[in-house]
Amino acid sequence: MIDFTVKIGGEAGFGIMTTGLFLGKIATRSGYHAFEYSEYPSLIRGGHNVIEVRISDEEVHSQGQGVDLLLCLNKETADLHGHEVREGGVIVFDNEKTDESKLMKPDRNIHYVHIPFSRILRENSLPMVMLNNIALGVLMHLIGADMEILNTLIAETFARKGEEIITKNREAATLGMNEAKKNFKIDILHKLEKKSVISPKLYITGNEVIGLGAIRAGCQFYCAYPMTPSSAILHYLASKAEKAGIVVKHAEDEISVINMALGASWAGARSMVATSGGGFALMVEAVSLSGMTETPIVIVMGQRPGPATGMPTWTEQGDLHFVIRSGHGEFPKIVLAPGDVGEAYKLTVEAFNLADRYQTPVLIMADKYLQEGHQSVEKFEIQSRFDRDRIDRGKLLSQEELLKITSYKRYLITDDGISSRALPGMKQSLHQANSYEHGEDGHTTEDAGERVKQVDKRNRKEATYLSNDFRLPEVFGAKEPPLTVVSWGSMKGPILQAMKESGGSFNYVHFSRLWPLDFGKLKEFLGRFGKFLLIENNSTGQLGQLLTMATGIEFPQKLLKYSGRPVYPHEIMVKIKELL
Amino acid sequence: MNGQTATAKINSAFLGYFPTWCPGCGNFGIWSSLKTAFNKLQLEPDKMAVIFGIGCSGNMNDFLWANSFHALHGRAIPTAVGVKIANHKLPVIVIAGDGDTYGEGGNHLLHAARGNHDITVIVHDNRVYGLTTGQVAPTASKGAKSKSTPQGLIEVPVNPLALALTQGATFVAQGFSQDLVHLTDLIMSGINHRGFSLINVFQPCVTFNPANGYAFYRERVYKLAGDYDRSNLRLALDKSLELEDKIPIGIVYKTERPVYTDFLNQLKEKALVEEDITNRDLNKFIAEFI
């Protein structure tokens with residue numbers, strides 16, 4: 001069975017990430033599954049970047065422990081990650097960059113392969129940008145992959161730059177491959193033979209799949225201010241804006257971002273914004289405005305370690321309480337948290353429908369781990385949704401419907417808490433969206449009775465959501481195991497991987513809908529399980545606290561990680577062994 | 001001024017509740033001029049968007065009945081920009097105060113001017129915060145004493161016209177709320193102008209800033225001469241520096257530049273909100289991920 005991890009490390013700015021992306025695509029195009037995990041500092045040049053690609057016959061949900069092939073393009077890679085290489089693994093190094101005598105550990109069964117990257121560049125007068133092609137050529141040989149796939153990828157990538165550039169890139173890859181053949185003759189790693197039957201896969205990041213979901217959901221206005229880990233949604237949608245019919249605006253700050261989006265949404269455009277904790281903190285006043293004016297909006301909240309600027313390029317789930325409680329005053333909001341790229345697509349499409357249906361903010365909580373790493377997902381899994389995806393704009397009135405209403409009231413008191421929406425520009429649409437408390441017609445009011453009626457009306461949306469759209473968490477794994485893991489969002493991957501690798505000694509309760517929660521149903525639901533292990537990528541167990549508040553059920557057993565790194569499957573397995 | 005009876009006949013299309021402003025408030029003049037301008041331009045209340053800021057000026061939301069969004073303090077401009085992008089066929093007008101536009105939301109003014117978003121921003125400038133009962137506004141004179149500056153304001157005032165001019169606004173004007181006819185013309189010109197329009201309106205706060213009352217402005221304002229070259233940016237900048245002794249009113253600068261939405265091919269045929277979004281084909285988007 002094939003299941004191995006390649007780690008590539010080098011100086012930032014020299015194409016490490018592209019090398020990893022190509023490797024993942026080569027794997028998926030050969031019929032395998034792939035999962036990517038990267039670590040990089042908040043610098044543009046000169047920092048140390050690493051990217052890991054795990055390649056497997058079977059579906060792979062997370063990075064693994066240990067590395068089978070370490071490709072060192074700088075000294076730090078060898079120094080910092082040499083010890084991660086498993087027995088029987090391979091370390092590729094350049095002796096101009098790395099001290100061979102220090103690298104080699106005679107007591108370990110590791111194959112050391114010297115590839116003179118620097119010399120190859122020099123002797124062939126190749127610029128630094130060709131380094132990743134040479135590295136890919138080396139990898140092609142070491143993992144026994146089909147060089148034709150790489151050649152095709154190069155041609156696709158540089159199609160616009162012309163034949164000459166394509167040839168140069170291919171030649172550099174061939175130089176790498178030949179050098180690897182010369183220096184490394186034995187087959188150590190599994191051969192990544194192209195499978196005879198290949199079901200097409202997308203190799204895609206959380207950010208890109210959220211972008212795809214937004215396009216499909218009919219997003220018309222996307223507004224953002226760059227902030228890791230959500231900037232790539234802006235990049236993706238900006239590059240597709242015209243083709244998709246979306247206006248993408250890079251505004252001056254996050255405050256402007258969300259207020260523009262609310263303006264566009266009030267005028268009738270489906271609107272989305274994305275940011276991270278710091279940017280979201282600036283948006284929070286307008287989250288409340290969305291609640292008060294009942295203007296739909298989808299907000300992607302990409303978490304990273306805080307407080308303040310924190311560790312910008314690392315991962316954490318530290319903002320759950322902040323998001324659920326965001327915004328002054330009391331108003332309903334809906335918070336979703338996809339666990340992987342498939343779920344991210346589905347929940348993004350749904351988020352737009354929920355926002356229109358409930359006319360209130362809908363938040364998608366993700367994090368660096370889910371947003372920036374590539375994961376393979378069956379093309380079918382995404383494609384098969386296209387037919388099921390539907391656009392539900394809730395109580396948005398058409399012009400015909402509006403004309404039938406004799407005296408339109410934007411904030412009409414209704415049983416489900418949701419009032420019909422007319423758009424400015426429609427005949428007889430006269431109304432105002434009011435940030436002040438207002439009566440049914442939108443006019444400002446400070447009348448006690450009207451105030452209470454409007455608060456109750458807005459709050460009733462939560463009850464409507466709970467009866468129509470609340471879903472209990474999904475349960476993965478065996479029916480009655482001795483232990484149940486509880487977690488949320490992106491930790492789904494490492495948990496499912498651990499479940500698989502441990503042979504199913506536990507099951508997993510996955511929360512992807514975090515707010516509002518039906519406390520009664522949840523209490524009954526959680527009551528069916530025995531012993532719990534709470535796993536979260538934060539230091540205080542925020543989901544656990546929330547569930548305890550909601551149900552009284554406590555989570556004394558916890559695995560909390562807040563080092564800026566995701567939880568690893570083996571850490572889960574160790575913890576579970578302790579508990580069983 | 002008897003606002004309701006004086007304006008009800010000609011302005012009934014836009015008439016909301018009778019204002020709660022203090023008697024003598026400079027806002028009445030702006031309110032009246034706005035309604036006259038809207039009527040003269042034959043705007044329809046349901047086919048336009050008025051975005052209000054927060055303050056005594058923003059409270060006009062209940063007195064001026066048109067499709068409107070009463071936004072957050074300081075954020076009327078970005079809200080308006082969003083509305084305009086979503087439906088560039090709607091006339092979009094911002095009614096906000098000096099605190100809204102030059103204080104809390106100062107950043108948005110710069111960037112909306114840069115983008116030449118086709119919105120008309122009408123700022124109520126009275127050098128004081130009225131709704132919060134008397135603190136200095138960003139336009140207050142150096143040394144101004146107020147509840148927040150009992151020893152006198154240390155900062156020099158913001159220069160709204162110079163700010164807008166240097167950031168790329170294509171229509172910059174100044175008015176005085178006591179001169180309704182002149183102000184009505186300015187508002188009409190601002191709405192008719194394709195591009196970002198700033199109209200700074202002196203609008204005395206008789207309750208919290210009597211020092212800058214009607215007499216103060218009447219003694220200082222003068223109308224730009226008929227032969228004033230409003231297309232000359234350097235001249236406009238010179239005029240914008242006349243802040244205290246002699247203060248110009250009128251169209252200080254006007255130029256033509258394509259507006260933000262002109263650059264968006266997505267909007268060439270229809271407004272964004274008119275596009276059918278129900279069945280976008282994703283197949284053409286997923287190929288690159290395989």
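**Entry 1: a helix on a sheet**

Which strands of chain A does helix α18 of chain A lie across? I looked this up while keeping in mind that the model is predicted. Helix α18 (residues 492-501) of chain A lies across β16, β17, β18 and β20 (531-536) of chain A. I noted its direction too: α18 of chain A runs at about 170 degrees to β18(A).

Next I looked at how two of these strands pair. Strand β17 (residues 483-488) of chain A and strand β18 (residues 507-511) of chain A run parallel and are joined by 5 bridges. To find the spot on screen, I used A:Val486, which stands opposite A:Val509 in β18(A). Another helix, α21 (residues 569-579) of chain A, also packs on the sheet, where it touches β17, β20 and β21 of chain A. The direction of α21 makes about 155 degrees with that of β20(A).

Then I traced the whole sheet. It is open, has 5 strands in the order β16-β18-β17-β20-β21 (chain A), and its pairing is mixed. At the edges I found β16 (474-476) and β21 (558-560) of chain A, each of which pairs on one side only. On average, neighbouring strands of this sheet are turned by 20 degrees against each other, with direction ignored.

**Entry 2: the sheet with 7 strands**

I moved on to another open sheet of chain A, this one of 7 strands with mixed pairing. I wrote down its order as β9-β8-β10-β11-β13-β12-β19 (chain A). Its edge strands are β9 (247-250) and β19 (513-515) of chain A, and each pairs on one side only. From one strand to the next, the twist averages 20 degrees.

Within this sheet I checked strand β10 (residues 271-275) of chain A against strand β11 (residues 297-303) of chain A, and they pair in the parallel sense over 4 bridges. A:Thr275 has A:Met301 in β11(A) as its bridge partner. Helix α9 (residues 231-244) of chain A packs on the sheet and touches β8 (221-224), β9, β10 and β11 of chain A. I put its direction down as about 135 degrees to that of β9(A).

**Entry 3: a covered strand**

How many residues of strand β4 of chain A are buried? I found 6 of 6 in β4 (residues 67-72) of chain A, a mostly covered strand. Strand β1 (residues 3-11) of chain A pairs with β4(A) in the parallel sense over 4 bridges. So does strand β5 (residues 85-93) of chain A, again in the parallel sense over 4 bridges. A:Leu69 made a handy landmark: it is the bridge partner of A:Val6, and A:Leu69 in turn has A:Val90 in β5(A) as a bridge partner.

**Entry 4: one lysine**

Is A:Lys461 buried or exposed? I found A:Lys461 in helix α17 (residues 448-468) of chain A. It is buried, because 24 other C-beta atoms lie within 10 Å, and the cut-off for buried is 20 or more. Leaving aside neighbours within four places in sequence, A:Lys461 is in contact with A:Pro332, A:Tyr358, A:Thr360, A:Gly417 and A:Ile418.

**Entry 5: where the chains meet**

Last, I turned to the interface, where 42 residues of chain B are in contact with 58 residues of chain A. On the chain B side, α3(B) gives the largest share, 8 residues. That side has 22 nonpolar, 13 polar and 7 charged residues.

Notes: Residues are numbered from 1 along each chain as its sequence is written. Chains are lettered from A and ligands numbered from 1 in the order in which they are written. This is a predicted model: local features need pLDDT of at least 70, side-chain atom pairs count only at pLDDT 80 or more; totals for chains, interfaces and linings use all residues. Two residues are in contact if their C-beta atoms, placed from the backbone, lie within 7 Å. Helices (H or I, at least four residues) and strands (E, at least two) are DSSP runs, numbered from the N terminus. Ala, Val, Leu, Ile, Met, Phe, Trp, Tyr, Cys and Pro count as nonpolar, Asp, Glu, Lys and Arg as charged, and the others, Gly among them, as polar. A residue is buried if 20 or more other C-beta atoms lie within 10 Å of its own, exposed if 12 or fewer, and partly exposed in between; C-beta atoms are placed from the backbone. Two strands pair if DSSP finds at least two bridges between them. Axes are lines fitted to C-alpha atoms, for helices over the stretch in contact, and angles run from 0 to 180 degrees between N-to-C directions.
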